[in-house]
Amino acid sequence: MNANTILKSQLVSAHGSAPKKVTHINYDSRKVNTNGCFVCISGKSTDGHKFIEMAISQGCVQIIGDQQDSLLEHAERSPHVQFLHVKDSKKALALYSSHLHQHVHKSMRLIGVTGTHGKTTITAYIRSLLNGAGIKTGSIGTAGVWDHQKMLPLDKSTPTTPESSDLHAYLSLMKKKDISSVVMEATSIGIDQERLYGLHFDIAVHSNLYPEHLDYHETFENYKKAKLSLFEKAGTSVVNIDDAGMSKDIISVFKGTLWTYGLSDDADVHAKNITFSKRGCCVDLIVKGRLFSVFLPILGVHNVYNFLASVCVCLAKGMTIGDLLPLFQKLEGPPGRLQLIPEFANRTMIFDFAHTPLALEQLFKTVEPLSYNRLILMITGIGIREKSLRAPIAKAAEGRADEIVVTADHPGEELPIDIVNDVLDGFETIGPQIHPVPNRGEAIKKAMGLTEEGDLLLITGICMENFQIVKGRKVPYYDYDHVKAFLNSSRNSRERELELTESDGAVYQS
């Protein structure tokens with residue numbers, strides 16, 4: 001194993017003999033065993049160098065880190081293990097992971113999607129259209145890891161953009177399935193932490209930019225800078241020309257092929273005359289001056305933007321509008337994004353990922369065309385996100401629904417009740433229509449119980465995950481389980497009432 005070749009300019013020094021074989025690599029010492037390579041990552045909450053001994057005790061044969069003193073100290077005690085001192089452990093992890101997976105990314109067409117809102121939906125739309133056109137396409141992001149047919153049962157290392165060792169493993173798995181294109185969400189944190197280091201994107205997509213993750217980036221400019229760097233790794237850019245946050249920055253400096261989209265006439269691909277119904281929307285789609293009237297099974301102007309972005313990507317990949325037109329009526333979005341729950345009879349129930357004030361505002365606009373009696377809303381504070389977003393969520397929701405249930409998502413290191421109280425602080429008045437329920441599963445049941453026939457129920461938050469993060473652990477959890485539990489409980493109650501009614505009738509008749 002030639003470390004100089006693998007790590008290129010990252011290697012500072014090597015101590016100990018190179019191992020004959022390295023079969024796997026990981027930044028989590030618990031996942032490294034015989035013939036493994038452990039990469040020490042120094043983070044805000046922990047330092048991987050503290051777990052070197054654990055990795056060695058499990059059979060690790062190679063250690064990579066960026067703290068020379070710690071590496072030398074362990075090298076003296078473990079001469080049978082090779083220690084590699086590097087400039088940046090994150091970059092080294094990406095380079096070595098690529099090597100172990102035979103650099104499969106170089107033979108695949110990668111599409112990166114970044115922005116504050118819309119990444120998950122744009123990713124799903126692109127995957128839907130490309131697979132519909134016969135181009136085997138996988139996706140990686142908040143909605144999970146998908147091949148060209150289904151979501152894969154993989155344990156994600158992060159909520160959206162995976163750590164590089166996991167990312168290269170996913171790409172290798174997809175390559176074995178003959179997948180030629182992969183579309184992935186590129187978060188600002190993922191970019192900043194070098195999870196995408198060494199990758200080249202055929203196409204980079206920009207959705208929009210608003211202040212977010214400032215607890216991590218500290219300033220909006222740092223946040224924007226991280227997003228912009230994705231376009232330095234791309235050959236083609238797809239840009240939302242209507243976005244004031246970052247579109248001009250990209251357009252002014254990008255030297256490759258550029259596609260623009262939006263509602264503006266100046267965009268290469270734009271939409272006009274949008275009309276909504278319960279089934280979706282009708283749109284006049286204009287592609288470089290040519291008009292096509294199409295039906296789309298989507299709701300919300302923001303999703304029209306997401307659709308336009310996906311059309312640009314397909315056109316940039318060489319497809320024609322004639323290829324795409326038959327695919328639009330079957331356009332598939334991600335789970336938990338305006339997802340209709342049909343089992344709740346005589347009511348309209350929708351799951352949506354709206355977890356910020358702006359996303360809630362967009363959701364309210366999206367459901368305006370729908371007819372319903374009352375609006376029942378569940379909002380959430382998120383323990384693993386910045387606290388500053390919690391009270392504004394209540395402000396965005398106040399006065400917009402007949403009943404509001406307040407709960408907590410991914411409590412992390414906090415108590416759910418404390419997260420709920422942070423959200424409640426945003427209400428000017430807390431009346432009987434506000435229902436605090438700290439447990440998310442119980443909150444869903446509470447919200448469902450508040451509905452009557454003809455009502456619209458909106459369940460917001462991280463409603464596509466299959467876990468909750470509690471005290472640093474991923475605890476199995478799935479919103480839909482609580483929906484089914486409520487429906488089963490209601491069904492059983494109705495059956496018991498019917499039995500009692502029939503029993504009373506029989507006695508009376510006798």
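**Contacts, burial and overall form**

Tutor: Let us start with one residue in this predicted model: apart from neighbours within four places in sequence, A234 is in contact with H200, F201, I203, A204 and F254.

Student: In which strand is the place of A234, and is A234 buried or exposed?

Tutor: The place of A234 is in a strand that covers residues 234–240, namely β11. The C-alpha atoms of A234 and L110 are separated by 9.2 Å, although the two residues are 124 residues apart along the chain. Because buried means under 20% relative accessible area, and A234 has a value of 13%, A234 counts as buried.

Student: Which residues does S188 touch, not counting residues up to four places away in sequence?

Tutor: S188 lies in helix α7, which comprises residues 188–192, and S188 is buried, with a relative accessible area of 1%. With residues up to four places away in sequence left out, the residues that S188 touches are H213, H217, Y223, A226 and K227.

Student: How many disulfides does the structure hold?

Tutor: A disulfide requires a pair of cysteine sulfur atoms within 2.5 Å. For C40, which is in no disulfide, the nearest cysteine sulfur is that of C60, 8.4 Å away, and for C314, also in no disulfide, the nearest is that of C312, 9.4 Å away. For the structure, the number of disulfides comes to 0.

Student: What is the relative accessible area of C314?

Tutor: The cut-off for a buried residue is under 20% relative accessible area, and C314 is buried by that criterion. The relative accessible area of C314 is 0%.

Student: What is the radius of gyration of the chain, and what does the globule rule give for 510 residues?

Tutor: The secondary structure of the chain comes to 17 helices and 23 strands. The chain is as compact as a globular protein of that length, because its radius of gyration, 25 Å, is close to the value from the globule rule for 510 residues, which is 24 Å.

Student: What share of the contacts in the chain with a separation of 6 or more is accounted for by residues 24 or more positions apart?

Tutor: As background, buried residues make up 55% of the 510 residues in the chain, and the C-alpha trace spans about 90 × 60 × 45 Å along its principal axes. Among contacts with a separation of 6 or more, the share that residues 24 or more positions apart account for is 64%.

How values were computed: Residues numbered from 1 in each chain as written. Predicted model: local features only at pLDDT ≥ 70, side-chain atom pairs only at ≥ 80, totals over all residues. Heavy atoms only, no water. Buried < 20%, exposed > 50% of the residue type's maximum accessible area, 1.4 Å probe, protein only. Helix = DSSP H or I, 4+ residues; strand = E, 2+ residues; numbered from the N terminus. Rg over C-alpha atoms; globule rule 2.2 N^0.38 Å. Contact = heavy atoms within 4.5 Å.
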